[in-house]
Amino acid sequence: MDSKAELPPVTPKLSPWIWARKNLFNTWYNSILTVICLGLIYQLGGGFLHWAIALADWQVIGVNWRLFLVGRYPPQLYWRVGMATGVIAGAAAFSFWAIRWRSRWVQWIPLAWILAFPVILWFIGGGLGLRQVQSQLWNGLLLTLVTAIVSIVLSFPAGVLLALGRQSSLPVLRWLCILYIEIVRGLPLIGILFMAQVMLPLFLPMEMRLDRVMRAIAGLSLFSAAYMAENVRGGLQSVPRGQIEAAKALGLATPWVISLIVLPQALRAVIPAIVGQFIGLFKDTSLLALVGLVELTGMARSILAQPEFIGDYAEVYIFVGLIYWIFCYGMSLASRRLEQKLAQGKS
């Protein structure tokens, strides 16, 4: 067989003008839409650039950047925030390395984050030889990242267990999981956050007191776990029943069938939905400002109350929105890379 016939076809490179004619001006109505869109981009983009360069007061960001990042955290302990950031960066770098280059290490990504989050809490909160820092001093982006990471790490295994419980053959376990999922999904997040702040201490022993940050994390985790369970349940239903029956016929016990055969395929099928849930949870931390916690959005409101920066709403909220977009886009990009790597390994 001729080896040249086995080579994939080479797509010729198109010049910008030919590409534009082929994709933007290939028909008369596409040409009209392209011209209209270019006009809108010119008007809106030009107006925004003029405002951002000539009119905006970006001094509010330069003066208050520490408040945006760490709030009232003691300045002499900033090195601990740096160490916690290093742990987060290390876990993120390991995740990227595993996704990009070593597909067999992908399965260890959840374990890396599970091991990372107690170290992060130790550096930020103290204890075990470090000076303790009260959680009311965790503000700004620091509080947003802590609550988001801990809630994600807690809600993911809880959601998987709820999904497995909903598929269980035990009626009591199945209906308890269904009842929890449907009740939580029928309530707004802000209501669950208020209930966690007010009612959660009533269900705990007198000697066990959770501060407001831990109660907020509990509310976020309980809420996200219900939605995570439905995402995972969709993946469980996509696994062919014949594979489960074949594994049991070979003598594998049910826990091994679930952990080795069912869950890897189910989670792979719903990676976009799971990451979408993580992104939504990260953005939902902005609601913590309504229960008295000064996270990134709450800190923005506090900064806008400063007399010299009253009215700088656009500058502050554009900066806050950019921070949210960077983290959300990073998670979305990692999700796409993970899907591509798993698809290559599957093929």
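The centres of domain 1 and domain 2, taken over C-alpha atoms, are 18 Å apart. In domain 1, Phe 68, Ile 99 and Phe 117 lose the most area to domain 2. Together these three residues account for 37% of what that side buries. The model is predicted.

**The chain as a whole**

The protein chain has 347 residues, and 37% of them count as buried. Its secondary structure comes to 14 helices and zero strands. The C-alpha atoms fill a box of roughly 75 × 65 × 40 Å along the principal axes. Take the contacts with a separation of 6 or more: 72% of them join residues 24 or more positions apart. The domain assignment places domain 1 at 67-133 and domain 2 at 139-342.

**Where the domains meet**

How many residues of each domain are in contact with the other? Domain 1 gives 20 residues and domain 2 gives 22. The area buried between them is about 1900 Å². Carbon and sulfur atoms give 81% of that area. Between the two domains there are zero salt bridges. Polar contacts do occur there, in four residue pairs. On the domain 1 side, helix 3 (59-70), helix 4 (78-100) and helix 5 (109-125) each give two or more residues. That side divides into 16 nonpolar, two polar and two charged residues.

**The salt bridges**

The structure holds five salt bridges.

| Pair | Distance |
|---|---|
| Glu 182 and Arg 185 | 3.9 Å |
| Arg 185 and Glu 230 | 3.6 Å |
| Arg 233 and Glu 230 | 2.9 Å |

Start with Glu 182 and Arg 185. They are separated by about one helical turn, because they sit three residues apart in helix 7 (residues 171-185). Glu 182 is partly exposed, at 37% relative accessible area. Arg 185 also counts as partly exposed, at 34%.

Next comes the bridge from Arg 185 to Glu 230. This pair links distant parts of the chain: Arg 185 is in helix 7, while Glu 230 is in helix 9 (residues 212-238), 45 residues apart.

Is Glu 230 buried or exposed? Its relative accessible area is 17%, so Glu 230 counts as buried, the cut-off being under 20%.

Glu 230 also bridges to Arg 233. Both residues lie in helix 9, three residues apart, or about one turn of the helix.

Which residues form the network of salt bridges? The linked residues are Arg 166, Glu 182, Arg 185, Glu 230 and Arg 233.

How values were computed: Residues are numbered from 1 along each chain as its sequence is written. This is a predicted model: local features need pLDDT of at least 70, side-chain atom pairs count only at pLDDT 80 or more; totals for chains, interfaces and linings use all residues. Side-chain values use heavy atoms; hydrogens and water are left out. Domain bounds come from an automatic or database domain assignment. Contact means heavy atoms within 4.5 Å. Buried area is the accessible area (1.4 Å probe) that two parts lose on being put together, summed over both. A salt bridge is a side-chain nitrogen of Lys or Arg within 4 Å of a carboxyl oxygen of Asp or Glu. A polar contact is a pair of N or O atoms within 3.5 Å; within protein, one must be able to donate a hydrogen and the other to accept it, and residues adjacent in sequence count only if both atoms are side-chain atoms. Helices (H or I, at least four residues) and strands (E, at least two) are DSSP runs, numbered from the N terminus. Ala, Val, Leu, Ile, Met, Phe, Trp, Tyr, Cys and Pro count as nonpolar, Asp, Glu, Lys and Arg as charged, and the others, Gly among them, as polar. Buried means under 20% relative accessible area, exposed over 50%, partly exposed in between (1.4 Å probe, protein chains only).
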